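This report goes through a protein structure from its overall build to single residues. The sequence and the model come first.

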Amino acid sequence: MAQPQYPNAAPNRDFLWSVFQGVDKDRSGYISANELQTALSNGTWTPFNPETVRLMIGMFDKQNRGTISFDDFGALWKYVTDWQATFKSFDRDNSGNIDKGELHTALKTFGYNLSDGTVETIVRKFDRHGKATILFDDFIQCCILLTTLTNAFRQFDTDQDGVITIHYEQFLTLVFSIKN
């Protein structure tokens, strides 16, 4: 997405409307995942990860149409710009990506106390280019998925000790019921 001229100020409605109209290529009044993907930038001149776009459309699609309205777009814009600021704050070397150490710091800040091995697994899962780093769009997807999995886990972790005991079918139900 194009950055507002004043990144610390909230973009005004006219600015967002002009961006929305530029993205709504079919003039339907709604933005599809494909349209949104063309408008998003991860800072590397490569398209945003389609799965991340799909997840975000799902989060902001209030009408369950697979598209977002202008009002939904405003909320999504704020969401992406907030994530962008978060990403930049953890990209300590300003490389435009997050490495294992930077991800570990970010996850600790978010309240996840994960082992080095688990963080390495997460980096491998979200590293699309084989460089042991995560791009901005994949960072968003990683954080969404981690939050979703954590919330699903907590449904069974009633005493909040980080340990659950479930049957295989409960596990399958848990995994297949996760909306992402």
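The protein chain holds eight helices and four strands, where helices (H or I, at least four residues) and strands (E, at least two) are DSSP runs numbered from the N terminus. Read from the N terminus on, the order of elements is α-β-α-α-β-α-β-α-α-β-α-α. This is a predicted model, in which local features need pLDDT of at least 70 and side-chain atom pairs count only at pLDDT 80 or more, while totals for chains, interfaces and linings use all residues. Residues are numbered from 1 along each chain as its sequence is written, and side-chain values use heavy atoms, with hydrogens and water left out.

**Overall dimensions and packing**

The C-alpha trace of the protein chain spans about 50 × 40 × 30 Å along its principal axes. Of the 180 residues in the protein chain, 39% are buried; buried means under 20% relative accessible area, exposed over 50%, and partly exposed in between (1.4 Å probe, protein chains only). The accessible surface of the protein chain is about 10,800 Å², and carbon and sulfur atoms account for 53% of that surface. Accessible areas come from the Shrake-Rupley method with a 1.4 Å probe, and for residues only the protein chains shown count as cover. Among contacts (heavy atoms within 4.5 Å) with a separation of 6 or more, 52% are between residues 24 or more positions apart.

**The largest pocket**

The volume of the largest pocket is about 630 Å³. The search uses a 1 Å grid over the protein atoms alone: a pocket is an open set of points where a 1.4 Å probe fits, with protein on both sides within 12 Å along at least five of seven lines, and lining residues have an atom within 4 Å of a point. Grid points are joined across faces, edges and corners, and the volume is the space filled by probe spheres set on the points. The lining has 26 residues, of which Tyr112, Leu146, Leu149, Thr150 and Phe153 are the closest to the pocket centre. Helices α6 (116-126), α7 (136-156) and α8 (168-177) each supply at least two lining residues, and α7 gives the most, with eight. By residue class, the lining has 15 nonpolar, seven polar and four charged residues. Here Ala, Val, Leu, Ile, Met, Phe, Trp, Tyr, Cys and Pro count as nonpolar, Asp, Glu, Lys and Arg as charged, and the others, Gly among them, as polar.

**Salt bridges**

Side chains of opposite charge can pair when their charged atoms come close. A salt bridge is a side-chain nitrogen of Lys or Arg within 4 Å of a carboxyl oxygen of Asp or Glu, and the count by this rule is six. The table lists some of them.

| aspartate 71 | arginine 13 | 3.6 Å |

Aspartate 71 and arginine 13 form a salt bridge that links distant parts of the chain, with aspartate 71 in helix α4 (residues 70-90) and arginine 13 in helix α1 (residues 13-23), 58 residues apart. Aspartate 71 is exposed at 53% relative accessible area, and arginine 13 is exposed at 56%.

Aspartate 82 and lysine 78 are separated by about one helical turn, because they are four residues apart in helix α4. Both are partly exposed, aspartate 82 at 38% relative accessibility and lysine 78 at 49%.

Arginine 128 is partly exposed at 37%, whereas aspartate 138 is buried at 2%. Salt bridges with shared partners join Arg128, Asp137 and Asp138 into one network.

**Single residues**

Aspartate 72 sits in helix α4 and is buried, with a relative accessible area of 9%. Apart from neighbours within four places in sequence, aspartate 72 is in contact with Phe60, Asp61 and Lys62.

Most residues other than glycine have a negative phi. Arginine 27, not a glycine, has a positive phi of about 55°; arginine 27 is in the loop between α1 and β1 (31-32) and is exposed at 58%. Asparagine 64 likewise has a positive phi of about 55° without being a glycine. Asparagine 64 is in the loop between α3 (50-60) and β2 (67-68) and is exposed at 66% relative accessibility.
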